Amino acid sequence: MKRVIVWLALIACADPVHDAIVSSLGAEDPNVPQGELHRPGQPCLTCHDNFSIGGTIYTDDLVTPFSGASVTLVDAVGSQTMATTNSAGNFYIRKSDWTPTFPIGAYTNSDGNNVVGITVVGTDPSNVAQMVTHIGRDGSCASCHFGSAGSTVSPGPVYITTVTP
Amino acid sequence: MKRFIGGALAVAITAIACQLAPANERTGIDAPNLVEFETFGVGDYLDHRCGSLDCHGQSTRNLTMWGCFGLRLDPDETGLAPGCRASGGVNTQTNEYEASYRSLVGLEPAVMSAVVAGGGAHPELLTFIRKARGWDAHKGGALVTPGDDQDTCMTSWLAGATDSAACQRATTETP
């Protein structure tokens with residue numbers, strides 16, 4: 001009887017939809033230890049449910065990670081935070097540090113000032129990329145920014161140019 | 001004997017059913033205005049507010065919005081990608097407005113007809129209004145308040161008197 005109860009409990013806790021999504025991400029790269037450098041370009045919050053936002057920034061070849069880019073986020077009520085990309089191009093913000101009020105996007109606030117929800121600045125401060133559409137609720141950049149280039153269902157990877165304008 | 005009666009009954013019901021519903025019969029719908037949806041800012045507001053790629057900018061959703069703020073409709077594969085003109089992309093195209101319109105109007109056609117026929121007096125009969133207001137479970141939460149610009153944009157359109165100024169403000173003053 002105990003075995004049956006344990007078995008039922010295990011089945012009840014399983015989430016086949018989530019498990020399938022995790023499986024679709026594939027195995028870890030054996031050359032990269034699990035940590036802040038792993039799985040660039042994948043939807044971070046699929047597993048990291050303690051993150052509010054996470055993503056990867058590339059250079060304009062859409063493959064090379066952009067290290068040292070600063071990512072500034074402003075939520076729907078004006079709360080702001082910032083993160084910097086690591087050597088894998090990854091950045092993340094923990095919920096304990098910042099829990100945004102969605103959506104995050106561009107708008108004109110009550111003072112008449114233009115607010116940009118997400119701004120990425122490269123190592124050259126004149127290299128700036130701004131997101132003018134918005135994030136409705138999904139903090140994983142890669143949920144929308146996927147593929148090798150833009151398509152009808154995705155704008156492609158987030159990138160910032162390395163060329164000085 | 002019972003089998004015979006059952007079979008005869010089934011044939012009779014099928015024959016009657018076929019006569020009651022001609023195969024070529026079409027049912028109309030009282031729908032809100034498509035032109036105002038495209039040109040008065042209703043479609044732009046809904047695409048901006050609801051159509052991001054992580055929400056209703058997904059073709060798997062019952063309510064799907066197409067447009068430059070999210071999912072693109074590109075049957076000719078011209079390379080149309082998410083992003084409006086302001087970000088170097090292409091603004092929402094007529095066929096995208098039409099696709100979003102059909103998705104919205106066709107969601108609850110009978111209820112939509114009733115709401116429009118009633119002059120938009122009870123927009124809350126429509127699920128998309130209740131969800132936007134947070135009255136029904138909505139993963140995106142309560143996004144509008146009755147009477148604010150966003151709500152007015154939608155309800156004025158349903159009432160046949162689209163408040164384009166409210167739609168414009170709703171699009172620019174919300175993230």
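What percentage of contacts in chain B between residues at least 6 apart in sequence join residues at least 24 apart? The share is 48%. The legends below describe a predicted model.

**View 1. Chain B is built from helices.**
Chain B holds eight helices and zero strands. Read along the sequence, its pattern is α-α-α-α-α-α-α-α. Its radius of gyration is 20 Å, well over the 16 Å that the globule rule gives for 175 residues, so chain B is more spread out than a compact globule. The C-alpha trace of chain B spans about 75 × 40 × 30 Å along its principal axes. Of the 175 residues in chain B, 39% are buried.

**View 2. Chain A carries two helices and nine strands.**
From the N terminus on, the elements of chain A run α-α-β-β-β-β-β-β-β-β-β. Along its principal axes, the C-alpha trace of chain A spans about 70 × 40 × 30 Å. Chain A has 165 residues, and 33% of them are buried. Take the contacts in chain A between residues at least 6 apart in sequence: 59% of them join residues at least 24 apart.

**View 3. Chain B meets chain A.**
On the chain B side, 22 residues take part; they are in contact with 23 residues of chain A. The chain B side of this contact divides into 10 nonpolar, seven polar and five charged residues.

**View 4. Helix α7 of chain B is mostly covered.**
Nine of the 10 residues in α7(B) are buried. They are B:D149, B:Q150, B:T152, B:C153, B:M154, B:T155, B:S156, B:W157 and B:L158. What do these buried residues of α7(B) pack against? Their partners are α2 (34-39), α3 (42-50), α5 (109-117), α6 (127-133) and α8, which belong to chain B. Just after α7(B) comes B:G160, with a positive phi of about 85°.

**View 5. Helices α7 and α8 of chain B pack at an angle.**
Two packed helices are described by the angle between their axes and the distance between the axes. Here α7 (residues 149-158) and α8 (residues 164-172) of chain B pack at about 135°, and their axes are 8 Å apart. Angles over 145 degrees would count as roughly antiparallel, and 65 to 115 as roughly perpendicular. α7(B) and α8(B) are therefore oblique to each other. Their crossing is left-handed.

**View 6. Residues line the contact of α7(B) with α8(B).**
Which residues of α7(B) meet α8(B)? They are B:D149, B:Q150, B:T152, B:C153 and B:S156. On the α8(B) side, the partners are B:A166, B:C167, B:R169 and B:A170. The residues of this contact divide into four nonpolar, three polar and two charged. B:D149 and B:C153, among the α7(B) residues in this contact, are also among the buried residues of α7(B).

**View 7. B:I13 sits in helix α1 of chain B.**
Helix α1 covers residues 2-20 of chain B, and B:I13 is found in it. Is B:I13 buried or exposed? B:I13 has 10 other C-beta atoms within 10 Å. A residue counts as exposed at 12 or fewer, so B:I13 is exposed. B:L53 lies 40 residues from B:I13 in sequence. In space, C-alpha to C-alpha, B:I13 and B:L53 are 47 Å apart.

Note on methods:
Residues are numbered from 1 along each chain as its sequence is written. Chains are lettered from A and ligands numbered from 1 in the order in which they are written. This is a predicted model: local features need pLDDT of at least 70, side-chain atom pairs count only at pLDDT 80 or more; totals for chains, interfaces and linings use all residues. Axes are lines fitted to C-alpha atoms, for helices over the stretch in contact, and angles run from 0 to 180 degrees between N-to-C directions. Helices (H or I, at least four residues) and strands (E, at least two) are DSSP runs, numbered from the N terminus. Angles under 35 degrees count as roughly parallel, over 145 as roughly antiparallel, 65 to 115 as roughly perpendicular and the rest as oblique. A crossing is left-handed if the near helix is turned anticlockwise from the far one by less than a right angle, and right-handed if clockwise. Two residues are in contact if their C-beta atoms, placed from the backbone, lie within 7 Å. Ala, Val, Leu, Ile, Met, Phe, Trp, Tyr, Cys and Pro count as nonpolar, Asp, Glu, Lys and Arg as charged, and the others, Gly among them, as polar. A residue is buried if 20 or more other C-beta atoms lie within 10 Å of its own, exposed if 12 or fewer, and partly exposed in between; C-beta atoms are placed from the backbone. The radius of gyration is taken over C-alpha atoms; the globule rule is 2.2 Å times the number of residues to the power 0.38.
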